[in-house]
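Dear colleague,

I am handing over the structure below, and my notes on what was found in it follow. Please read them alongside the coordinates.

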Amino acid sequence: MQHDDVIWSIVNGSFCSFKTRTKNQKFCRNEYNLTGVCNRSSCPLANSQYATVKEEKGICYLYMKTIERAAFPNRLWEKVKLSRNYEKALQQIDKHLIYCPRFLKHKCKQRFTKITQYLIRIRKLTLKRQKKIVPLGRKVERREKRREDKALIAAQLDTNIEKELLERLKQGTYGDIYNFPQHAFDRALQEEEVSSEDEEKEATGDAASGERDVEHQESSDEEIEYVAENEMEESDISDLEELGHLANDSSDEESSEEETKAKGKGKSLKRKKSSIEIEYEHDIETPAQLKH
């Protein structure tokens, strides 16, 4: 049979594995302790009728202990899930702790309030964007850098060895003594063909661009200048007068040619008109027609 006073006298006076001492106060590390303080009313071991509130994965549960289940440690605590609604959860606490002391009811409600508040803060922080702090290991960074440098040197060495072997294979240094992989030789030939094709394309492109530049330069050489009348020299004016005389002479010649053509057409018309012959026919009435 459980005696609460005997258990408390042993726990308080001699030894308790859950007790921690400071300079001014004693605390309890038991997971079912309601307040976290080591005293007679808050000790879960020295109270046969006890209750507390715990949070598991964001859900609050009410744990209750009664003296009737003291003989069965695996069924000592009764677990009740509390509603997410704050008012309904408080009603559940009042309903299940109706025969418990007023101190237990008040402390359970207070603990449930604190748990709901920090759950709300957790939800807000998870929804809010935050900077993630990642630790940097200096030793790991230096080690990875050394490995990268070694790998780069090894890769360059391998490529140089491969190029040298392919050059010797092309020159026929080894002959038929060694069996080299044929696919490496074929790959090198394909790379050379691709590089030669690229060079030809670049050369043709340079030639075409050079021709376009020359044409553009020739077209840009033809410049048009505008000069004022006062800036013109006498030689330029004389040249313009000569051009005007030449234009007048050419116009006179054209007019004379047109006149000669017109005269020739008139003569031909006259000649044609003189060669026209007109014939007239007269009807003579006979005496018989006159009688009628």
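The largest nonpolar core holds 19 residues, and those with the most contacts inside it are Val53, Leu82, Leu97, Cys108 and Phe112; such a core is a set of buried Ala, Val, Leu, Ile, Met, Phe, Trp, Tyr and Cys residues joined through side-chain atoms within 4.5 Å, where buried means under 20% relative accessible area, exposed over 50% and partly exposed in between (1.4 Å probe, protein chains only). Two or more residues of this core come from each of strand E3 (50-56), strand E4 (59-65), H2 and H3, and H3 gives the most, with 5 residues. A second, separate core of 5 residues includes Trp8, Cys28, Cys43 and Ala46.

This is a predicted model, in which local features need pLDDT of at least 70 and side-chain atom pairs count only at pLDDT 80 or more, while totals for chains, interfaces and linings use all residues. Residues are numbered from 1 along each chain as its sequence is written, and side-chain values use heavy atoms, with hydrogens and water left out.

The protein chain has 7 helices and 5 strands, taken as DSSP runs numbered from the N terminus (helices H or I, at least four residues; strands E, at least two), and along the sequence they follow the pattern α-β-β-β-β-β-α-α-α-α-α-α. Buried residues make up 16% of the 292 residues in the protein chain.

Helix H2 (residues 86-96) and helix H3 (residues 102-127) pack at an angle of about 155 degrees, with their axes 10 Å apart; the axes are lines fitted to C-alpha atoms over the stretch in contact, and angles run from 0 to 180 degrees between N-to-C directions. H2 and H3 are therefore roughly antiparallel to each other, a term for angles over 145 degrees. In their contact (heavy atoms within 4.5 Å), Tyr86, Ala89, Leu90, Ile93 and Asp94 of H2 meet Cys108, Lys109, Phe112, Thr113 and Thr116 of H3. Leaving aside neighbours within four places in sequence, Phe112 is also in contact with residues including Val53, Cys60, Leu82 and Ser83.

One backbone detail deserves a look. Lys57, in the loop between E3 and E4, has a positive phi of about 55 degrees although it is not a glycine, whereas most residues other than glycine have a negative phi. Lys57 is exposed, with a relative accessible area of 85%.

With best wishes

Key:
Parallel < 35°, antiparallel > 145°, perpendicular 65-115°, else oblique.
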